Amino acid sequence: MSRRWKITVMVVAVVGVVSTPLLWLLDSPDTGQLVGASVQAAVGIAALVWALLQRPPAPAPADLAVATGNAAGTDGGTAHTGVRRPGGAGTGSAKAERTGDATAQGPGSSASTGIDYS
């Protein structure tokens, strides 16, 4: 649960716990109003406790390539060293350090070092 949603749920829970039950109880409640106020307060408290127990979302995993070796694509092959995310797929950060050489030979071949989004 994001921090914004957590705060929103907590505020709504506190308002729910305090507002209507308080108004009901100030006006000499009958049994039904007392039960309703108790149920509403219990639901608000449960929502507050639930929001407090939620953990923040885990960060997206990072793609990391460090000190990769050489790659060679021949006769129309493809050579990549580093991180490859076809079409920009994936989430999180991508980092490539000290990538090796990439060599491609032949018609229609390609080579890249670092991060490839194609």
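Me: What does contact mean here, and which residues does Thr113 touch beyond four places in sequence?
Reply: Contact means heavy atoms within 4.5 Å. The model is a predicted one. Thr113 is found in strand S6. Not counting residues up to four places away in sequence, Thr113 touches Thr81, Thr99, Gly100, Asp101 and Ala102.

Me: How many Å separate the C-alpha atoms of Thr113 and Thr99?
Reply: Thr99 is among the residues that Thr113 touches. Along the chain, the two are 14 residues apart. Their C-alpha atoms are separated by 6.1 Å.

Me: Why does Thr113 count as neither buried nor exposed?
Reply: Buried means under 20% relative accessible area, and exposed means over 50%. Thr113 has a relative accessible area of 42%, so it is partly exposed.

Me: Is Ser112 buried or exposed?
Reply: Ser112 has its place in strand S6, residues 110-116. The cut-off for buried is under 20% relative accessible area. Ser112 has 18% relative accessibility, so the class is buried.

Me: Which residues is Ser112 in contact with, leaving aside neighbours within four places in sequence?
Reply: Ser112 lies in strand S6. Its neighbours within four places in sequence are left aside. The contacts are then Ala79, His80, Thr81 and Ala102.

Me: How far apart in space are Ser112 and Val49, C-alpha to C-alpha?
Reply: In sequence, Ser112 and Val49 are 63 residues apart. In space, the C-alpha to C-alpha value is 51 Å.

Me: What is the radius of gyration of the protein chain?
Reply: A compact globule of 118 residues would come near 13 Å. The C-alpha atoms fill a box of roughly 90 × 25 × 15 Å along the principal axes. The radius of gyration of the protein chain is 29 Å.

Me: What pattern do the helices and strands follow along the sequence?
Reply: The protein chain has two helices and six strands. Read along the sequence, they give α-α-β-β-β-β-β-β.

Me: Which residues does Ala94 contact, leaving aside neighbours within four places in sequence?
Reply: Ala94 is found in strand S4, residues 94-97. With 22% relative accessibility, Ala94 counts as partly exposed. With those neighbours left aside, its contacts are Asp63, Val83, Arg85, Ile115 and Tyr117.

Me: How far apart in space are Ala94 and Ser109, C-alpha to C-alpha?
Reply: Ala94 is in strand S4. Ala94 and Ser109 are 15 residues apart in sequence. C-alpha to C-alpha, the value is 24 Å.

Me: Where is Gln105, and which residues is it in contact with beyond four places in sequence?
Reply: Gln105 is found in the loop between strand S5 (102-104) and S6. At a relative accessible area of 47%, Gln105 is partly exposed. Leaving aside neighbours within four places in sequence, the contacts are Gly73, Thr74, Asp75 and Gly76.

Me: What separates the C-alpha atoms of Gln105 and Thr81?
Reply: Gln105 and Thr81 are 24 residues apart along the chain. Their C-alpha atoms are separated by 15 Å.

Me: What share of the accessible surface belongs to carbon and sulfur atoms?
Reply: Buried residues make up 16% of the 118 residues. The accessible surface of the protein chain comes to about 8,000 Å². The carbon and sulfur share is 61%.

Me: How far apart are the centres of the positive and negative side chains?
Reply: The protein chain has 8 positive and 7 negative side chains. The centres of the two sets lie apart by 7 Å.

How values were computed:
Residues numbered from 1 in each chain as written. Predicted model: local features only at pLDDT ≥ 70, side-chain atom pairs only at ≥ 80, totals over all residues. Heavy atoms only, no water. Rg over C-alpha atoms; globule rule 2.2 N^0.38 Å. Buried < 20%, exposed > 50% of the residue type's maximum accessible area, 1.4 Å probe, protein only. Areas by Shrake-Rupley, 256 points an atom, 1.4 Å probe, with all protein chains shown as cover. Lys, Arg positive; Asp, Glu negative; His and termini not counted. Charge placed at Lys NZ, Arg CZ, Asp CG, Glu CD.
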